[in-house]
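Colleague: Hi! Could you walk me through this one? I have a few quick questions.

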Amino acid sequence: VHTLQGVTFTVTCPNSGSINKLTITTTGLKGDNSPITVEADGTVTRSEVADLNGDGSPEIYVSVNSAGSGSYASLTAYSANNKKSLSEIHLPELSEDKKHAEGYMGHDEFRVVENTLVRRFPLYKAGDSNAKPTGKTRQLQYKLKAGEAGWLLKLDKVTDY
């Protein structure tokens, strides 16, 4: 359960198999507080609330990691539009960004850091086993922007360390 700016988000997920039902319930919205249920490919590992775009309405960010040796992360996120109703936040697929996906084999995580969403993952070199990456760590930083059909996490900065 997370509360920010008068809106409470309750995240529930049984985490009982490789595919789960993730439910986000809100209280405090002036309009629609209906629960949202989506399919999660894996188990919920973290949830955070923030106001990345500083508009006075909070967002919920839920990290899900898949079953299996790759432990690939995905993100389910929603914004409270003017504290009235939730709309989905879209994160572009990493596979669509060939340059920054090079060396990616999972084991990633999402975190809210100040006014950005950060995705970190180890980099694998040719011949590395999934259990033992030998490359650096890549960090992708995203800013929340208004898109044509809702909210979009737009890549802002990339760091390898």
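Colleague: Which side chain meets arginine 138 in a salt bridge?

Modeller: That would be aspartate 160, with an N to O distance of 2.7 Å. Keep in mind that this is a predicted model.

Colleague: Is arginine 138 buried or exposed?

Modeller: Arginine 138 counts as buried because its relative accessibility is 10%, under the 20% cut-off. Aspartate 160, at 36%, counts as partly exposed.

Colleague: Nice. How many salt bridges are there in total?

Modeller: The count comes to five. Among them are two that involve glutamate 109: one with arginine 111 at 3.7 Å, and one with arginine 120 at 3.9 Å. Together, Glu109, Arg111 and Arg120 form a linked network.

Colleague: Where are arginine 120 and glutamate 109?

Modeller: Arginine 120 lies in strand β10 and glutamate 109 in strand β9, 11 residues apart.

Colleague: Changing topic: what is the strand order in the open sheet?

Modeller: The eight strands run β5-β6-β7-β8-β12-β11-β10-β9, with mixed pairing. The edge strands, β5 and β9, each pair on one side only. From one strand to the next, the twist averages 30°.

Colleague: How many bridges join β6 to β7?

Modeller: Seven, and the two strands run antiparallel. For instance, valine 64 has serine 74 in β7 as its bridge partner.

Notes: Residues numbered from 1 in each chain as written. Predicted model: local features only at pLDDT ≥ 70, side-chain atom pairs only at ≥ 80, totals over all residues. Heavy atoms only, no water. Pairing = 2+ DSSP bridges. Helix = DSSP H or I, 4+ residues; strand = E, 2+ residues; numbered from the N terminus. Axes fitted to C-alpha atoms, helices over the stretch in contact; angles between N-to-C directions. Salt bridge = Lys/Arg side-chain N within 4 Å of Asp/Glu carboxyl O. Buried < 20%, exposed > 50% of the residue type's maximum accessible area, 1.4 Å probe, protein only.
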